[in-house]
Structure formats: C-alpha cells, structure tokens
Amino acid sequence: MATIHLGALRHNLARLKAWAAPARVMAVVKADAYGHGLERVARALDADAEAFAVAALGDGLRLRAAGHRQRIVVLSGLDQPADIAEMQRLGLEAAIHHEAQLPWLAEAQAARGRLRVWLKIDSGMHRLGFAPERVPAIHARLRAMPGIDPEIGLMTHFAESEHFAGEATAAQIARFQAATAGLEGPRSLANSAAVVGWPQAHADWVRTGGLLYGLSVVEGRNGADFGFRPAMTLRTRLIAINHIRRGERIGYNGTWQCPEDMPVGVAAIGYGDGYPRSARSGTPVLVGDVCVPLIGRVSMDLITLDLRPAPAARVGDPVTLWGPELPAERVAAHAGTIAYDLTCGMTRRVLFVEDES
Ligand SMILES: *Cc1c(COP(=O)(O)O)cnc(C)c1O
C-alpha cells in the first residue's frame, strides 16, 4: 500500500517557492506525478501551484479534464501538426525543440488563441533543443508567426546539476546566457537540484519535480537534508517468519546463505508491485521500527528479510519499504538507481491511499 502525504506535497511546494523566490515554480507532474498520481497531486496543489509541467499532451488533457486552470507546459512539445489545435483548445504551452516543429507552428491559427511556446535550447545535455548559435534566428521566426504568442519563453535543462561543484552546469549556464543575450522572454533553467545547488540559475521560472515529492538526486543527500518531506510511504506486512538452518540458501538462485541458524521474515511485496528487483542483499527495510537487511533475490510478490536484528517481530507486523522513516534515496542507492525511478515504478497492483500528513 502506498500512502501519499498531501501535507508533505503542500509543504514541499511552499518550501520550493521560498527557496526559488523571486523565481516562480512550475510543479512538474509528469509520469503520473512521479508515480504519486497526477490527479491526486494536482488536486492537493491546486490552490498553491502557479503552473504545472507535464511530459506529453495527454497529461495536459487530464489536468484540464480535472478542472485545473493554471498554466501547463508540455515539456516535449508537439509530436504532430494536429497537436497544435488541441493545445490551443486546452490552453497548453509547448516546448519547441526541433526544426520539424517549425513549419507546423507556422500554420497555427491565431483565431484559436495564440499558442504560448518555450524555445528549448541545448546548452550541453544533447537530448532536446536547438543548438545555441541557432537560437536568435529561431526566436525571430517564432516571433513572426501569427498563431504564436509573441512572449516566447527560453528554456534549457541541466545534465548534472546535482554536482554542485561541477563545471558542466556552469558551462551550460554560460552557454544559455550567451545564446539568449538580448532576447526578450521569461527564462527557465533549473530543475530540483539546481534550485538548491545553483541559485544563479533560478531565473524567472524553476521546474521542479523531485523535491516536490521530497526526493533528492544529490549524492548522499536526502530530500529531508534540504528540508523537504517524502510524499510517499510504501508499506506492506510480514506474512511469515521461518527458522532456517545455518548454510541454507534463501530464495531464487540461492544468492544469500545463512551464516547461522536464524529467523527469516517474508514480506508481501516484490517487483510485481514496483519494488526494485535490483535491490541487493543488505538493502534496508523497516519491520515495525527496526531496520533489517533484505536478503536474497527480490521476487515478484515477496521479499525475504534477515530478522536477527528484530527478535520481537511477529507475523502481521507492518513492513516499510520507504517513506519518512526510511528515505527512498537510501533504498535506491542499494538498487543502483535513483529515488525517482522507485516511485515512478509503482504498478497497478499497489493500493494508493492519501493522508493529510
Ligand atoms: C523532469 C524534468 C524536470 C524536473 O526535474 P527534477 O529533477 O525532477 O526537478 C525539469 N525540466 C525538464 C525538462 C524535465 O524533463
């Protein structure tokens, strides 16, 4: 069961706003709000969020269908000409990142309401965006299009802003500034890590996902270390305690061997729920409030636990996989991934509930 903490979401947005001010905050709710539930998160933040950002048009449609009136930026823009009229109808804003989109945009009809766009600049990540030297010409072309709102946003994305001392981000900022010098329009560079690590990149709008959910990608630093609160607790129960002999091997492929006669707990969660199969023996898990190591392979429905640190454990005890008492960042480090990947990976089998904490 995943509990989504609505109070934590509101706290995190307020904290992001305070941290980024005077820059404004786009709440990034792509990928079903990083697995927390798009409609649920948007409803919780509706009164406080000035703008949302999503990856694709379909999520913008869902937000409008749920009645949200904020600005909504579609970060990957349009995939086909027909998307333009749909975005105008829904009042969505499009990131423009590729040559192929320009002739489509030239056909946009002003009568449908001018489309707001963000010109995406590739300042060094080499994923989406125009090369810096092309930016003034593209900006001028967009400005001349009758169906495009003349206030054109200028946007870039960082490849490694979680490295606060790294040169790559400083170089990206410099390239962005050079490419956009003298151009009008609001600027947006920073993701979550840049909000806390690169204040010189806050500009007019920050685009924050991770920290909104209380999750950090900064090595060795949890969201809580920056004053944010995890918005998801993933919990299950202990369904068996078995006493296994020294030398026996646990689970598929017997990857973990008992060093002594010992109690082994079985909890009802697995990769079928989105708990990462890559979590290695030693990954921390809470049984009640005692931290114990995962042992053996994660299977589809079950995990096995070394219960030697928790001699009082009983069948039925709550088992916490991550949440405020056990940062998802710590679990992710044991699974060779980042916390975003864990919360995004929740499957449809997981029951979601909400609380106000
Ligand atoms: C996902 C994304 C963000 C948000 O990144 P976080 O690290 O979650 O804050 C911002 N901008 C773009 C373009 C993105 O794709």
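Predicted model: local features only at pLDDT ≥ 70, side-chain atom pairs only at ≥ 80, totals over all residues.

Residues are numbered from 1 along each chain as its sequence is written, and side-chain values use heavy atoms, with hydrogens and water left out.

**Stop one: salt bridges**

Side chains of opposite charge can pair when their charged atoms come close. Here a salt bridge is a side-chain nitrogen of Lys or Arg within 4 Å of a carboxyl oxygen of Asp or Glu, and the structure holds 19 salt bridges.

Select E39 and R62, whose side chains form a salt bridge with an N to O distance of 2.9 Å. This pair links distant parts of the chain, because E39 sits in helix α3 (residues 38-45) and R62 in helix α4 (residues 57-65), 23 residues apart. Helices (H or I, at least four residues) and strands (E, at least two) are DSSP runs, numbered from the N terminus. Both ends can be coloured by accessibility, where buried means under 20% relative accessible area, exposed over 50%, and partly exposed in between (1.4 Å probe, protein chains only). E39 is partly exposed at 29%, and R62 is partly exposed at 33%.

Next select E99 and R134, which meet in a salt bridge at 2.5 Å, N to O. E99 lies in the loop between β5 (93-96) and α6 (101-106), and R134 in the loop between β6 (117-120) and α7 (135-143), so the pair ties together parts that are 35 residues apart in sequence. E99 has a relative accessibility of 32% and counts as partly exposed, as does R134 with 34%.

Now select R308 and D306, a salt bridge in which the closest N and O atoms are 2.7 Å apart. R308 is partly exposed, with a relative accessible area of 32%, whereas D306 counts as buried at 5%.

**Stop two: a residue in helix α11**

Select T343, which is found in helix α11 (residues 339-344). Is T343 buried or exposed? T343 counts as buried, at 1% relative accessibility. With contact taken as heavy atoms within 4.5 Å, and leaving aside neighbours within four places in sequence, T343 is in contact with Y34, G35, H36, L215, M232 and W322.

**Stop three: annotated positions**

Finally, select R127 and M300, which the UniProt annotation "binding site" covers in an unreviewed entry; such annotations may be inferred rather than shown by experiment. The two are spread over 174 residues of sequence and also spread in space, up to 33.7 Å between C-alpha atoms.

Of these residues, the lining of the largest pocket includes R127. On a 1 Å grid over the protein atoms alone, a pocket is an open set of points where a 1.4 Å probe fits, with protein on both sides within 12 Å along at least five of seven lines, and lining residues have an atom within 4 Å of a point. R127 is placed in the loop between β6 and α7 and counts as exposed at 55% relative accessibility.

M300 is found in the loop between β15 (290-295) and β16 (303-306), and is partly exposed with a relative accessible area of 42%. Not counting residues up to four places away in sequence, M300 touches G270, Y271, G272, D273 and R349.
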